[in-house]
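Visitor: I have the model open on my screen. Could you walk me through how its helices pack?

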Amino acid sequence: MTMDFELKVSAKDMSKFLLRFNYAKLSGVLGILLGLASLAALVIRWGAWSDNQKIMLVVIAFLFLVFQPFLLIRKGKAQVARAEKQEPLICHIDEEQIRVTQGEAASACPWSNVRKIVYVKGAVYVFTSAIHATIITEASCGGRFDELVTFLKERKRK
């Protein structure tokens with residue numbers, strides 16, 4: 001089976017990927033827990049904290065629960081806006097490999113080297129290394145998304 005897709009990642013898709021990628025790791029989970037714990041400590045023991053301690057707890061909560069997600073969303077928008085991201089990626093998937101081409105540049109990865117495949121609502125992330133992934137959205141598959149997901153699940157079992 002062979003599939004070819006033109007991948008054009010939107011700012012929303014890239015931001016969702018970055019948020020998921022960062023918050024799926026231990027550091028992201030610990031950041032959320034630290035932010036929530038500081039809010040809980042602030043509310044539960046309001047009278048026990050000095051004004052400086054209250055400010056510090058609010059700053060910690062703000063940094064981990066508001067500022068960091070905002071930066072990730074902004075980073076996603078900036079990555080998509082870069083000139084090299086304006087030209088769509090051509091993704092070729094067959095029995096042996098996944099190959100991505102953009103202009104003159106090409107990259108191929110045999111299925112045996114694919115590190116992991118993450119299925120989310122409306123997208124598939126094919127990780128070819130610890131930090132590089134091909135984002136295949138449902139919109140870019142032209143109605144073949146379910147077929148792609150089935151193929152990828154079968155491919156990774158082998």
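Visitor: Which hand does the crossing of helix 2 and helix 3 have?
Guide: This is a predicted model, where local features need pLDDT of at least 70, side-chain atom pairs count only at pLDDT 80 or more, and totals for chains, interfaces and linings use all residues. Residues are numbered from 1 along each chain as its sequence is written, and side-chain values use heavy atoms, with hydrogens and water left out. Helices are DSSP runs (H or I, at least four residues), as are strands (E, at least two), numbered from the N terminus. A crossing is left-handed if the near helix is turned anticlockwise from the far one by less than a right angle, right-handed if clockwise; for helix 2 and helix 3 it's left-handed.

Visitor: How are helix 2 and helix 3 oriented to each other?
Guide: Axes are lines fitted to C-alpha atoms, for helices over the stretch in contact, and angles run from 0 to 180 degrees between N-to-C directions. Here the axes of helix 2 (residues 26–44) and helix 3 come within 8 Å and cross at roughly 150°. Angles under 35 degrees count as roughly parallel, over 145 as roughly antiparallel, 65 to 115 as roughly perpendicular and the rest as oblique. Helix 2 and helix 3 are therefore roughly antiparallel.

Visitor: And how does helix 1 lie relative to helix 3?
Guide: Helix 1 (residues 11–23) packs on helix 3 (residues 51–81) at about 135°, axes 8 Å apart. That angle makes the pair oblique.

Visitor: What hand does the crossing of helix 1 and helix 3 have?
Guide: Let's stay with helix 1 and helix 3, whose angle is about 135°. Their crossing is right-handed.
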